[in-house]
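Have a look at the structure first, and then we can go through it together.

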Amino acid sequence: MDLASKYFNDVAWRYVDHSSGLEPMQSFAFDDTFSERVGGDMSPNVVRTWVHQHTVILGIHDARLPFLKDGIQYLTNQRGYNAIVRNSGGLGVVLDQGILNISLIFKGKTEVSIDEAFTVMYLLISKMFEDEDVDIHTHEIVHSYCPGKYDLSIFNQKFAGISQRRVRGGIAVQIYLCVEGSGSERAALMREFYQHALKGTTTKFHYPDIHPDSMASLETLLGRPITVQDVMFKLLYAIKDLGGRLNMDPISDDEMVLYDKYYDRIIERNAKMNAQIE
């Protein structure tokens with residue numbers, strides 16, 4: 001069975017729209033909540049959309065930058081961005097109203113490889129944009145922010161990056177899609193952040209050497225206006241075209257209890273980071 005059939009054909013997907021009204025730390029707590037529920041057969045697969053205001057989401061390695069305090073002060077005082085540390089892999093990424101985040105949450109442990117989980121997201125994104133006259137490639141864009149094997153690019157310019165997190169038998173594959181605005185301006189922001197947080201220091205971990213022209217938005221790459229809302233519709237149509245069965249079951253009381261636990265954990269993680277840099 002091919003992956004598209006395995007994950008979508010006649011498979012129930014629960015759609016959760018969090019494209020407004022949440023803080024980023026709440027989003028990561030919800031993904032952990034749904035991962036545990038899906039992993040425990042207490043929920044069908046979940047597809048969740050989320051959009052957040054000016055926030056830079058840092059990875060675990062970013063929290064070890066030698067001058068992290070200066071980097072964060074640059075983001076907050078000079079550029080008006082909040083900064084938090086997430087609980088999934090990768091390095092820093094930019095979130096704003098022109099970035100659409102999608103989480104695909106399905107059951108899996110060691111029998112689902114890391115590459116397979118990433119590929120499920122790639123297949124879905126490819127389906128979403130199959131009517132566009134462009135080829136979407138998946139390989140590392142070395143000079144982007146948060147570079148990785150499953151960067152998505154058009155004309156060798158990155159517009160999306162994928163990470164994943166596994167919690168209690170559930171897998172959350174998360175992608176950020178740079179839809180509107182300027183991808184290169186966001187990349188320039190992250191280049192400045194690393195310059196402030198590294199100050200030329202040599203570190204054991206290699207932080208990205210960001211070239212702003214290595215990144216672009218879908219709006220730029222497709223050569224036409226496209227909105228976050230447009231891409232959300234493409235997402236839902238693609239799941240249905242692949243044979244998925246969509247529902248919008250509400251969040252249960254049990255899920256809210258779990259959510260509170262995971263939210264407290266990510267609040268605690270960020271409190272520790274803030275304590276270290278004060």
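Thr49 stands opposite Ile102 in strand 6. This is a predicted model, so local features need pLDDT of at least 70 and side-chain atom pairs count only at pLDDT 80 or more, while totals for chains, interfaces and linings use all residues. Residues are numbered from 1 along each chain as its sequence is written, and side-chain values use heavy atoms, with hydrogens and water left out.

**The sheet**
- Strand 2 (residues 45–50) and strand 6 (residues 99–107) run antiparallel and are joined by five bridges; strands are DSSP E runs of at least two residues, numbered from the N terminus, and two of them pair if DSSP finds at least two bridges between them.
- Eight strands form an open sheet with mixed pairing, in the order 7-8-9-10-6-2-1-11.
- Strand 7 and strand 11 (245–247) stand at the edges with a single partner strand each, so one side of each has no neighbour in the sheet.

**The helix on the sheet**
- Helix 7 (residues 228–241; helices are DSSP runs of H or I, at least four residues) packs on the sheet and touches strands including strand 1 (12–18) and strand 10 (170–178).

**Around Asp151**
- Asp151 lies in the loop between strand 7 (137–138) and strand 8 (152–154).
- Asp151 counts as buried because its relative accessibility is 1%, where buried means under 20% relative accessible area (1.4 Å probe, protein chains only).
- The side chain of Asp151 reaches the backbone nitrogen of Gly148 at 3.1 Å.

Technical notes. Buried means under 20% relative accessible area, exposed over 50%, partly exposed in between (1.4 Å probe, protein chains only). A polar contact is a pair of N or O atoms within 3.5 Å; within protein, one must be able to donate a hydrogen and the other to accept it, and residues adjacent in sequence count only if both atoms are side-chain atoms. Contact means heavy atoms within 4.5 Å. Axes are lines fitted to C-alpha atoms, for helices over the stretch in contact, and angles run from 0 to 180 degrees between N-to-C directions.
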